[in-house]
Amino acid sequence: MFAEVILPVKFHGIILYNVPEDLVLVSDICKDVHTSACASANESAAAPEGGLAQACRHITEGSWVKVEFGKAKYAGVVRRFHRTNELDTVHKLRDITLVLDIPPVPETQMSFWEKIAEYYLCTVGEVMKAALPNMIRFADLEHAQEDSRNTFSEYCESLKCRRPELSEPQKEAYTGILASFRDGRRVLLEGVTGSGKTEIYISLAIDTMLSGKSVLMLEPEISLSKQLNARLKSVFGDRLLLYNSKVTPARKARVQETLSREQGPFFVLGTRSALLLPFRELGLIVVDEEHDNSYKQEDPAPRYNARDVSIMLSAIGGVNLLLGSATPSYESLYNVKLGKLALVQLTEKYYGTGTCKNSSNADSEITLIDTLYARRTHQMKGSFSQQLINKIRKVTHEGQQVLVLKNRRSYAPMVECSECGEPAVCPHCNVMLSYHKSDNTLRCHYCEYSRTFEKKCRKCGSESMVPKGTGTEKIEEELEQLFPELSIGRFDADITKSKREEEKILSAFDSGEIKILTGTQMITKGFDFKGLKLVAVLGAEQILGLQDFRADEKAFQMFYQLLGRAGRRGQGGELVIQTTWKDHPVLSRLKDVCRNNMIPAEEEMSQRKNFLFPPYSRLVKIIARGFTEESADALAQEIRDVLDRIPSLELTGPFNPQIDRLRGVHLKCFYIKFARNKDLASNKRRLYESLREYVDKGRLIIDVDPL
């Protein structure tokens, strides 16, 4: 008998091991296993320590085993068994060393891994590595259930008393979702900002947990999941588990072990990686802000989108799925048209205590300020028009708060010599270095290269290097000069590097201590601030001018989400947009939405259909990599020759991406468009097989459904 074992490595094909007649179970074996993702065990773990109990263990599909692969030792998972005559050839195989004392991986999860690998064109081992990076650290944890955790019956009684009070529109949406679940359908909840989608999520989660099954709720940003934590903790108590990249490896291992060993139910709140956790009895998946780009994994493989992968898991495990958004992605709206998702709408804002108000944004106002005109008429003070300054002063004088979006962090996005025009460029990436005044450094936001800012130009030698443009750090400085009597805060990637500083800023703004908060698009992600009255967008043309077929969709989603951040809890809010493109179609649509309480996507959807862009097709991005520009060009031509031999392939490229050198690697890109038909899977497989040699050598990246 031979065991086919999944290992956390990029390897194509079957990896087989002999199954010895007797396998020793040592519960303490994991202590010497490397703490990184499913890494090799130390030599000292090869045999049980003296005095430890020994017993024969029956090996099953899903068992965790210790094996040697190459010169390293790994913890792997048994996928299935083979007999000798089932294989064409059997080489000299190594034995499985031990069966580890870790709960077996369920069949549904291994099928889930295979489905992800098949769709995103990578190996099952790469998916396993992403899914269970801490499973072999169990020996450092106590396996027993915590004594403080109530029994299931006691917990059920406490849950019943914690149901949120729903308004009539919320009850109608809740009932519609339950009806769709009973029919075996997945649901898209389109609820305007401030409509109380979270109360519906909590109600559905309580239903699920009372039935004995666990709940997974995904949020796009770590900071957003933190804001929800306290609210959900008051409902779900010690059965609330957090899982995201800011959680320590030890705590991640604790969550993985708890879900694998304990009966549950549990409520897991996390970002996209939480979708790959080893759930035993999962009854509901909620993907909040399902349209958000942060659900897409960029690197390394698998380069998955958590929204789409949640649909896979729902289908494989028979799990109820709810996607929620005020601005649904076109992919989800397309799935509604196909009947793959049931649409439930919530068009009225919720103000707590079961009350609501008609018309989602009729109580909100949108103001467009033409900065070209404002500059010509001398009505600009730095980055702020006088009209916006007056509005900020009025709102803060009334004791309310302001949010200012500038979608560039740093003090200035570039530095340039005023004599010769030479910019400061990253030596490893083809991007401008950003100036950070707080520590007087120039930084690359892609590879983290940094150096001290000097006024002397490295090309002409003159003392003429000056910052150009505006980032959040400069906006914060300008606000402090305009409103010295007010407390100003900043929220961007530089701030959120410090967990303590991030929590401090959010807490101070939520309490009203900070009156004006400036930040990047991180501040658009579903935060609920009770005192927020005015939201301002500076330099909106930088958001509207992106060269991408999704640019208008994403810009509209961002502005509409910002519109919903202000004026919650029954008070009118205002969104002010400063731009040189006042007549842009996205801004016209935004005003129509405010007046008519609808999101018109039909025109853009028809354009996508005419040009066969997603969601009416599937897109694959191929990235060729070379350490010199010449090697990247040669590889791109070689890849082009390979792709030209594949029939029925709509190919664009090679072309230079917007940033064609990253971390010292030169890049060339291709886009491949596939029709959405019965041949899609086989066509993608043919593409992968043709390029697999290049992928294995690290010369090529395949990104399915790129952003």
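In which hand does α1 pass α8, right-handed or left-handed? In this predicted model, the crossing of α1 past α8 is right-handed.

**The chain as a whole**

The protein chain contains 20 helices and 33 strands. It has 707 residues, and 55% of them count as buried. Among contacts in the chain with a separation of 6 or more, 75% are made by residues 24 or more positions apart.

**Two pairs of helices**

Two packed helices are described by the angle between their axes and the distance between the axes. The table gives these values for both pairs.

| Helix pair | Axes come within | Crossing angle |
|---|---|---|
| α1 (residues 107-120) and α8 (residues 306-317) | 10 Å | roughly 140° |
| α9 (residues 330-338) and α18 | 12 Å | roughly 85° |

An α-helix has 3.6 residues a turn, so residues three or four places apart point the same way.

The axes of α9 and α18 cross at roughly 85°, so α9 is roughly perpendicular to α18. Here Y330, L333, Y334 and K337 of α9 meet E602, E604, M605 and R608 of α18. Four nonpolar and four charged residues form the contact of α9 with α18, with no polar residue. The buried residues of α9 are Y330, E331, S332, Y334 and N335. Just after α9, G339 adopts a positive phi of about 85°.

**Arg608 in helix α18**

Is R608 buried or exposed? R608 counts as buried because its relative accessibility is 3%, where the cut-off is under 20%. This residue lies in helix α18, which spans residues 602-610. Apart from neighbours within four places in sequence, R608 is in contact with Y330, F549, R550, E553, F613, P614, P615 and Y616. One of these, Y330, is also among the α9 residues in the contact with α18.

In soluble globular proteins, nonpolar side chains tend to be buried together. The largest nonpolar core in this model has 71 residues, of which W113, L643 and L691 touch the most other members. Helix α1 supplies the largest share of this core, seven residues. With neighbours within four places in sequence left aside, L691 is in contact with I622, I639, V642, L643, L700 and I702. A second, separate core has 38 residues, including I505, Y560, V586 and L590.

**Tyr350 in strand β14**

How many residues apart in sequence are Y350 and E168? They are 182 residues apart in sequence, and their C-alpha atoms are 9.9 Å apart in space. Y350 belongs to strand β14, residues 349-350. With a relative accessibility of 12%, Y350 counts as buried, because the cut-off is under 20%.

Methods:
Residues numbered from 1 in each chain as written. Predicted model: local features only at pLDDT ≥ 70, side-chain atom pairs only at ≥ 80, totals over all residues. Heavy atoms only, no water. Helix = DSSP H or I, 4+ residues; strand = E, 2+ residues; numbered from the N terminus. Buried < 20%, exposed > 50% of the residue type's maximum accessible area, 1.4 Å probe, protein only. Contact = heavy atoms within 4.5 Å. Axes fitted to C-alpha atoms, helices over the stretch in contact; angles between N-to-C directions. Left-handed = near helix turned anticlockwise from the far one by under 90°. Core = buried A, V, L, I, M, F, W, Y, C linked by side-chain atoms within 4.5 Å. Parallel < 35°, antiparallel > 145°, perpendicular 65-115°, else oblique. Nonpolar A, V, L, I, M, F, W, Y, C, P; charged D, E, K, R; others polar.
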